[in-house]
Amino acid sequence: MEPVVTPSLDDSASTLVDWLELIAFFNQFGLARLDVLQAALDEQEPEQEDDIGERDRKIEVLLEAIENEIDERREYCAGGYPFELSDDAEELNLVDNWEDDQFVFYIVCLLTTHIASNKLFDFEVDEAIVQRLRNGIFQVISTIAMGGMARGSAASIGWPRQRGEDLLEVLRRAARRGSGFSVRDQPGIYTPPSEKDGGIDVISWSASDRPPPEILYFGQVASGQNWRGKPVQVFVEAFKNNYFEFGLQGNQAYATCIPFRETETEVWFTQHTHHGALLDRTRLSKHGRVGLQLIGEGSEMDEMENIPQVKDWISEFKNRALA
């Protein structure tokens, strides 16, 4: 039996698709049947619908919403979606090569969403698994995705840093790769003594013939539910003053990486006003795939050596859940 609880009648089509994806991910045959979901929801109806026609219409509307959501995810992920809907739309299947690098971004985001929400898992996620996610795994996929978004390279700033480097060392390596900024010998005099990353998790920049790049992104990595209150812009000016020798040349932009699938249009647009850009589950998957392609073509990015750790984390998560 898959370690996933039944969704409720009030859940959105997005949550219902998450349920199907989780069932397929944990299922020994890699599949989830839509009629099983439909039957589980039917059992929650307070009373049977007397009008068979009306009941069939509700089912049809629900199934259409689910199919549309799956189609959007597949399209938006641009090759990074690890599931496929059968031709008759009766099954959602985990793709045979789901363990390939290009799919880790989506799977990590799917699992992280329900660690954060505590909504669909029918088991207690081990705290060590959660800590590995918070302290490294989500940072890895976000760094590579932001490198892919910039079509260039990326530096992993956020604490804790797996290489054990101090912040200035990370920034100097980024400067050698063409980020276009000049790094101080020591942090500015107003830098808090205990500061670890200056509120910045990722910096990425476009590949150019010479510095400065056409655009440089400052990114925040937010794997928890409180992501709305963490726009990276509020940290950038102090960060530049404390760590850069001169002002930043060229265009700069901002992004927040989140594992969730945000389908509320009002929230989506409003939060872009605060965050600059949101890299949600589908955008992380799309840009992460591009980042991997750039690495394959010779682009250097922080965290690129840690993709095997991400795959190990996914495997351990699945094995523990099924134990």
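**Note on salt bridges, the sheet and a charged patch**

1. R73 and E21 are both buried. Buried means under 20% relative accessible area, exposed over 50%, and partly exposed in between (1.4 Å probe, protein chains only). The two residues form a salt bridge, with the closest N and O atoms 3.1 Å apart. R73 sits in helix α3 (residues 52–77) and E21 in helix α1 (residues 13–26), so the pair ties together parts that are 52 residues apart in sequence. A salt bridge here is a side-chain nitrogen of Lys or Arg within 4 Å of a carboxyl oxygen of Asp or Glu.

2. On the source: this is a predicted model, where local features need pLDDT of at least 70, side-chain atom pairs count only at pLDDT 80 or more, and totals for chains, interfaces and linings use all residues. Residues are numbered from 1 along each chain as its sequence is written, and side-chain values use heavy atoms, with hydrogens and water left out. Helices (H or I, at least four residues) and strands (E, at least two) are DSSP runs, numbered from the N terminus.

3. How many salt bridges does a search of the whole structure find? The count is 23. Some are linked: D18, E21, E69, E72, R73, R261 and R281 make up a network of salt bridges.

4. E262 and R228 form another salt bridge, with the closest N and O atoms 3.4 Å apart. E262 lies in the loop between β7 (251–257) and α8 (265–275), and R228 in the loop between β6 and α7 (233–243), so the pair ties together parts that are 34 residues apart in sequence. E262 counts as buried because its relative accessibility is 14%. R228, at 38%, counts as partly exposed.

5. D209 and R210 also form a salt bridge, and their closest N and O atoms are 2.3 Å apart. Are these residues buried or exposed? D209 has 65% relative accessibility, so it counts as exposed. R210 has 56%, so R210 counts as exposed too.

6. Now the sheet. It is open, has five strands in the order β4-β5-β6-β7-β8, and its pairing is mixed. β4 and β8 (278–279) stand at the edges with a single partner strand each, so one side of each has no neighbour in the sheet. Two strands pair if DSSP finds at least two bridges between them.

7. β5 (residues 202–206) pairs with two strands. With β4 (residues 152–156) the pairing is antiparallel, over five bridges. S156 has V202 as its bridge partner in β5, and G152 has S206. With β6 (residues 215–221) the pairing is again antiparallel, over four bridges. There, W205 stands opposite L216.

8. How many residues of β5 are buried? Five of its five are, and the strand is mostly covered. Both faces are covered: V202, S204 and S206 are buried on one side, I203 and W205 on the other.

9. Last, the surface. E84, D87, D88 and D96 gather there in a patch of negative charge. Patches take residues with over 30% relative accessible area and no salt bridge, and like charges are joined within 9 Å. D96 lies in the loop between β3 (91–94) and α4 (104–117). D96 counts as exposed because its relative accessibility is 81%.

Definitions and conventions
Patches are made of residues with over 30% relative accessible area and no salt bridge: like charges are joined within 9 Å, nonpolar side chains (Val, Leu, Ile, Met, Phe, Trp, Tyr) within 5 Å. Accessible areas come from the Shrake-Rupley method with a 1.4 Å probe; for residues, only the protein chains shown count as cover. Lys and Arg count as positive and Asp and Glu as negative; His and the chain ends are not counted. The place of a charge is taken as NZ of Lys, CZ of Arg, CG of Asp or CD of Glu.
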